[in-house]
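The following exercises are to be worked with the sequence and the coordinates at hand. Each task is followed by a solution in steps.

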Amino acid sequence: MKKYKALSFFILPGIIFYILFFIFPTISALGLSFTDWNGLSPDYNFVGFKNYKLLLTDDPIFIKSVSNNLKYMFSVVVFQTLISLVFAILLAKNTKLNVFYRAVLFLPTIISSVSVAFVWIFVYEPSIGSLNAVLSALGLDFLIKSWLGDKNIAIYSLAFVQVWAHAGQVMIIFIAGLHAIPKSLYEVARIEGATKWQTFRNVTWPLLAPSATIVIAYTTLQSFKAFDLILATTDGGPSYATEILSLFLYHEAFNNFKFGYSSAIAVVFMLIIAVITIVQFRLLKSNKVNY
Amino acid sequence: MIRKNTETDVTMENIKPININERISRQVPLVAYTLLILLPLTLVFFASFKTLKQLYNDPLGIPEKWSILNYIRLFANENMLIYFKNSFFVTFTSVFFILLLGSMISYAIIRMPNVVGNILFGFVTLGMMVPTQVKMIPTYVLLSDLNLLNKHSGLILVTIATLIPICVFILTGFMKTLPKGLLEAAMIDGASHWQVYSKIVIPLSLPAIASTAIFSFVITWNDLLHPLLFIKSSSLKTLPLALLQFQGEYLTDYPMIFAGVVAASIPMIIIYIFFQRWFIQGMTAGSMKG
Amino acid sequence: MKKFRFFSALLAVLLVLSLVVVGCAPKEEPKGDTAKDEKVTLRFAHWRGEDRDAFNEIAKKFTAENPNITIEQDISNSQQYQTKIQAEVRAQGGPDIFTAMPGAVFAGLLTTQVFYELNGEDFISRVPDQLLLPGQDGDKQYAIPYQLVFNIPVFNKAILEEIGYTEDKLPKDWAGFLEMAEKIKAKGITPIIFDSEIGPGQFINPMLMNNMPEDDTLSKVETGETKLTDEWFVKTLEQFKELNDKGYFQKDVLGTKKAGAAALFAQGKGALLAQGSYMMATNKEANPDLKQGLYAPITVPADKMKYEGIHTATFMIGLNKNSKNLEAAKKFMEFLFRPEIAADYAKATGQMLTIKDVKYESEELAAQTTWLDKKTLFQPRYTLKITEVSKATLDAVTDVIGGMSPEDAAQKAQAEVERALKNK
């Protein structure tokens, strides 16, 4: 028992800041979900579960936002994980060229999401933008789309930008994971005459599982909480086609002056994330080695 | 641009020699993806050398003349150096404490009995699920009550608290893969927790710490929301906040913003290159474990 | 021994942290009363990044006159401004001088009760009475609009003159407007450049002004006296559809952002830019050869025309009644509303102002002054006090452009309005 006591000194400094500057404001925000506060006036009333009832039973935009969230999350998680994994494997070796490639892939992460939004507004812009111009020059006119204007495409156009901006970032986790795999295991595989695929299947992949868990969980949260990029490109439009929960609760709090309602959205938002995370950990557990 | 010592380079995938065809098939996706990354960024780079008029008339083309006027305006006119200094101070201080406090919590989590560790892990990483937008106003009120508004310290404290969850999340995952026996053996030999933490766990976790460091640097450096809320005096503003001034209601000075974006990216590129080196060390350390 | 090391490490951490907290940023906000010789820094928060230099110049002049007062601008873009101001007033730490948009935003800010009541200040009289209205609540004046904007399309004179439409011959009825648009289209030029970012919120105003039976028909939607499914609104949506179906907008309206639209107009690829007078200075900067005017399509037969255009008094300036430097802030506000200072601002920013007797020099502002004498309606969208209602009307326009039938779009919008009213 004594040896655990010493550990509390490792926990306390960080946890105190975390509780004071994170948990405490969060809880006070959540308390507001039972009120009708408009975010501005000095006083407000306690309304019980009214906000929750309204949100869950009579808000079409809430349903729309959740479905947009899921579309966005699934496309980002699948593509970001695959792309970052493939490139991590291709670039794991520390050759000069690979180090250069890694830096290039990381570049978009360095720029803030607001700047990324500026860039892609220019790329997607139908008349003066570059994407359609490039497609047209390549003779691929049939691919020309209204990237941010088409209700059915816009959310995926944004998911693409998200992957573009962050695949290089999570690739780093995969590379760190690859580097942590003992070299001797590859020696063994080589001596036993394993094919490349067998080596990947039996050595790399199982030992990469902890990194994969981190990447998938991180990407899920990151895409579910996406905000700046969408705010700066479409602001949820056209016709709520790219409105996701974070944006929805922001609009309710700061445009529609319904802070109490917005807090209720936040609570539901966190519950959804919690469910997704738990399901995900369950699913990934089957993949796990010595975690 | 990037110097690397190739001597320590260790082949970690299959050691079989790679034939020419394979090399080419490796390069194709890499080159394609590199272009996908670089082309839009080139637009930004070019735009930072244009006037607004040139940008509007020819958004995609190469600048007629490579005028560095935007950069001169950026650094001459503004308190840009002060903003850089502020950003450096806030970012470095925050990241230092995020890594220190976060790695300490992660260490405690892996050394505790499973149940307690998992509860603690859950409690801390819960923070990753909270949408920042919802706690903005209460955080603001809290800082106001503590008289920490319009001070770098207030901004730093909130940043640390906000990023500890991500840091703990990534580091704990990696630290859990460390051989437990090694740590136990050190304890039996009389090492304190602090010694195990600083002499064994930290060196072995360097690649993970390097990735977490890069994550935290990038997030803090680019953070707009917290400085926007907590900083008022222009002498205390950070870079992203300062760049907002070029964004107008109807007229946004894109070339200036882009020049600012390019200038603001350079320190992060340097930091990235610096931490990138740790991967190699980490790799060597990692191979000791086997 | 081990434990001791532990404590020392912990202590070191806490020490450094407390140093961070206490030591590193000793800058305090200016405090105390505005004694005559005490230095005061006023914080002026607004969202117009393009006006930064202009306000800096004005602030310098002001400090020359009042050596103990300096002005610090705190600029964010309009979206972030809203967030910031909301957090600040909540903690009673708002800026000394701040700005608000008319309509729903102003209505929301009013509930904070932080506006200083300006009724007693004599500089109010420098603004015409009807332009003071947007900043009033009952008979109290809480903010004063600074800018005067005409929210109607800007046109490219050269293009219209080429097909025979000089300024005095611009069509004054819907049939004539469609005829002109057809002629422009035949020249291979886009008749109307319409973006999805600010376009709907701007263009809906002139489209509504003559279709509404009364001036306040739109605002009555909020009381349930009128409905968006009524003839006047459906007709407006049908006219949007007509313009869209006939190809009078550029390709992919919904994907076009405000900057893209402005770039197209500056490049001479469109005859009308469906934004507002505030774009004239910007356009001029992007293309110095451009000759521009203002013109709104008339959606009815010539004899039914009530209004020629739309005006908005916006960028409303108010004072924070909790400010520790209220007197100094009042001085700065008075300074801003002096005609000669306003003229400086107008010259530097290309914006027209609400203040009487301001001399405008530039060609673009001269073009706008002629509109002062025309019959214009205050922007209907800003008569709405509920954001959801305002958004529903704009979404209807977007839906129609996206292919929904005007009837369906109107019904959907009305349903949103009713939801908002029910939950108010």
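Domain bounds, as used below, come from an automatic or database domain assignment. The model is predicted: local features need pLDDT of at least 70, side-chain atom pairs count only at pLDDT 80 or more, and totals for chains, interfaces and linings use all residues. Residues are numbered from 1 along each chain as its sequence is written, while chains are lettered from A and ligands numbered from 1 in the order in which they are written.

**Exercise 1. The domains of chain C**

Task: State into which domains chain C is divided, and describe the side of domain 1 that touches domain 2.

Solution.
Step 1. Domain 1 of chain C comprises 40-150 + 313-373, and domain 2 comprises 159-311 + 380-422.
Step 2. Taken over C-alpha atoms, the centres of these domains of chain C are separated by 28 Å.
Step 3. Contact requires that the C-beta atoms of two residues, placed from the backbone, lie within 7 Å. By this criterion, 16 residues of domain 1 of chain C are in contact with 20 residues of domain 2 of chain C.
Step 4. Helices (H or I, at least four residues) and strands (E, at least two) are DSSP runs numbered from the N terminus. On the side of domain 1 of chain C that touches domain 2, two or more residues each come from α4 (104-110), β6 (144-149) and α14 (363-369) of chain C. The most, three residues, is given by α14(C).
Step 5. For classes, Ala, Val, Leu, Ile, Met, Phe, Trp, Tyr, Cys and Pro count as nonpolar, Asp, Glu, Lys and Arg as charged, and the others, Gly among them, as polar. This side of domain 1 of chain C has 10 nonpolar residues, five polar and one charged.

**Exercise 2. Strand β3 of chain C**

Task: Determine which residues of β3(C) point one way and which the other way, and identify the strands that bridges join to β3(C).

Solution.
Step 1. A residue is buried if 20 or more other C-beta atoms lie within 10 Å of its own, exposed if 12 or fewer, and partly exposed in between, with C-beta atoms placed from the backbone.
Step 2. In a regular strand the side chains alternate between the two faces of the sheet.
Step 3. In β3 (residues 97-100) of chain C, C:I97 and C:T99 point one way, C:F98 and C:A100 point the other way, and all are buried.
Step 4. Strands pair if DSSP finds at least two bridges between them. β1 (residues 40-46) of chain C runs parallel to β3(C), joined by two bridges, and C:F44 stands opposite C:I97.
Step 5. β11 (residues 309-319) of chain C runs antiparallel to β3(C), with four bridges; here C:F98 stands opposite C:G318.

**Exercise 3. A four-stranded sheet**

Task: Give the strand order of the open sheet of four strands in chain C, and explain why one side of each edge strand is left without a neighbour.

Solution.
Step 1. The order is β8-β9-β7-β10 (chain C), with mixed pairing.
Step 2. β8 (190-193) and β10 (292-294) of chain C are at the edges and have a single partner strand each, so one side of each lacks a neighbour in the sheet.
Step 3. From one strand to the next, the twist averages 25 degrees; axes are lines fitted to C-alpha atoms, for helices over the stretch in contact, and angles run from 0 to 180 degrees between N-to-C directions.
Step 4. Three bridges join β7 (residues 154-156) of chain C to β10(C) in antiparallel fashion, and C:V154 has C:L294 as its bridge partner.
Step 5. Helix α11 (residues 279-286) of chain C lies across β7, β9 (270-273) and β10 of chain C, at about 30 degrees to β7(C).

**Exercise 4. Chain A and the contacts of chain B**

Task: Characterise chain A, its contact with chain B, and the contact of chain B with chain C.

Solution.
Step 1. Chain A has 12 helices and zero strands, and 53% of its 291 residues count as buried.
Step 2. The contact between chains A and B takes 84 residues from chain A and 82 residues from chain B. Helix α1 (residues 2-31) of chain A supplies the largest share of the chain A side, 17 residues.
Step 3. That side of chain A has 59 nonpolar, 19 polar and six charged residues.
Step 4. Between chains B and C, 36 residues of chain B are in contact with 39 residues of chain C. α6(B) gives the most to the chain B side, with five residues.
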